[in-house]
Every structure is written in structure tokens, then in C-alpha cells.
Amino acid sequence: MPRSKNGVNMSEEIRQLLKANPKMKAKEVVSTLADKGIKVAEHLVYYVKGQLKSRRGRKKRARQMVARVAATGNADPVATILKLRSWAEELGGMKKLKALVDALSE
């Protein structure tokens, strides 16, 4: 993380600017901040944009997982796991169950 110079956190300034204009290119961000008197490198802008993108992806996957669990209608995940384990034992183990699931998914 870059050190703040003159009391200015460069990463936070980039985040604020990208929050206001998400479609802004890296060179535009650098020039806009240069007009404000904040000197930042282009690679820092790419880094901050990547961090913001990864946060959105994690949040999206978390929402999808919650939706999938809610759609099953089963409020007790432990019971589901135990049931799945018993099915695996009936089929001859987890490897065989996984092979069957892989075959069905194709």
C-alpha cells in the first residue's frame, strides 16, 4: 500500500475518483489527480481497480451461494451433509459418488 504523502492517501483518492466515475481509464485517473496536485503512478491505478473488482466478485459469489442454499429449502446443513455421506457409503465411497456426479454433469 502506498504511503500517504502530505497527508494524502493516494489509494483512497483513486477509490473516490473511481467510485464517482467507474468507467474512467487509468490515464484519465492519473491526469485528473495530477490536476489536483496528487502525483500517482499508472500501475497503482490498475492495482486499486483490480482490488475493487475482486471485492465485487467475492460479494457476488457470496450472494449466489446464499441464494442456492436458500433455494434448497433445507435449514439444517448438517443433516444434508450426513445424508450425503450415507449416500456415498451406499455407493462405495466418496470417489464413486464424485464420479457419478461428474458423469451426470456432462
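Helices are DSSP runs of H or I with at least four residues, numbered from the N terminus. The structure described here is a predicted model, in which local features need pLDDT of at least 70 and side-chain atom pairs count only at pLDDT 80 or more, whereas totals for chains, interfaces and linings use all residues. Residues are numbered from 1 along each chain as its sequence is written, and side-chain values use heavy atoms, with hydrogens and water left out.

A pocket is an open set of points on a 1 Å grid over the protein atoms alone, where a 1.4 Å probe fits and protein lies on both sides within 12 Å along at least five of seven lines; lining residues have an atom within 4 Å of a point. Helices α1 (10-20) and α3 (42-72) each contribute at least two residues to the lining of the largest pocket. Among the lining residues are Glu-12, Arg-15, Lys-19, Lys-49, Lys-53 and Arg-56. By class, the lining comprises 3 nonpolar, 2 polar and 6 charged residues; Ala, Val, Leu, Ile, Met, Phe, Trp, Tyr, Cys and Pro count as nonpolar, Asp, Glu, Lys and Arg as charged, and the others, Gly among them, as polar.

Helix α1 also packs against helix α2 (residues 26-35), at an angle of about 115° and with the axes 11 Å apart. Axes are lines fitted to C-alpha atoms, for helices over the stretch in contact, and angles run from 0 to 180 degrees between N-to-C directions. The two helices α1 and α2 are therefore roughly perpendicular, a term covering 65 to 115 degrees. In the contact (heavy atoms within 4.5 Å), Glu-13, Ile-14, Leu-17 and Leu-18 of α1 meet Val-29, Thr-32 and Leu-33 of α2. This contact of α1 with α2 has 5 nonpolar, 1 polar and 1 charged residues.

The axes of helix α4 (residues 77-91) and helix α5 (residues 94-105) come within 7 Å and cross at roughly 95°.

Terms used: Parallel < 35°, antiparallel > 145°, perpendicular 65-115°, else oblique.
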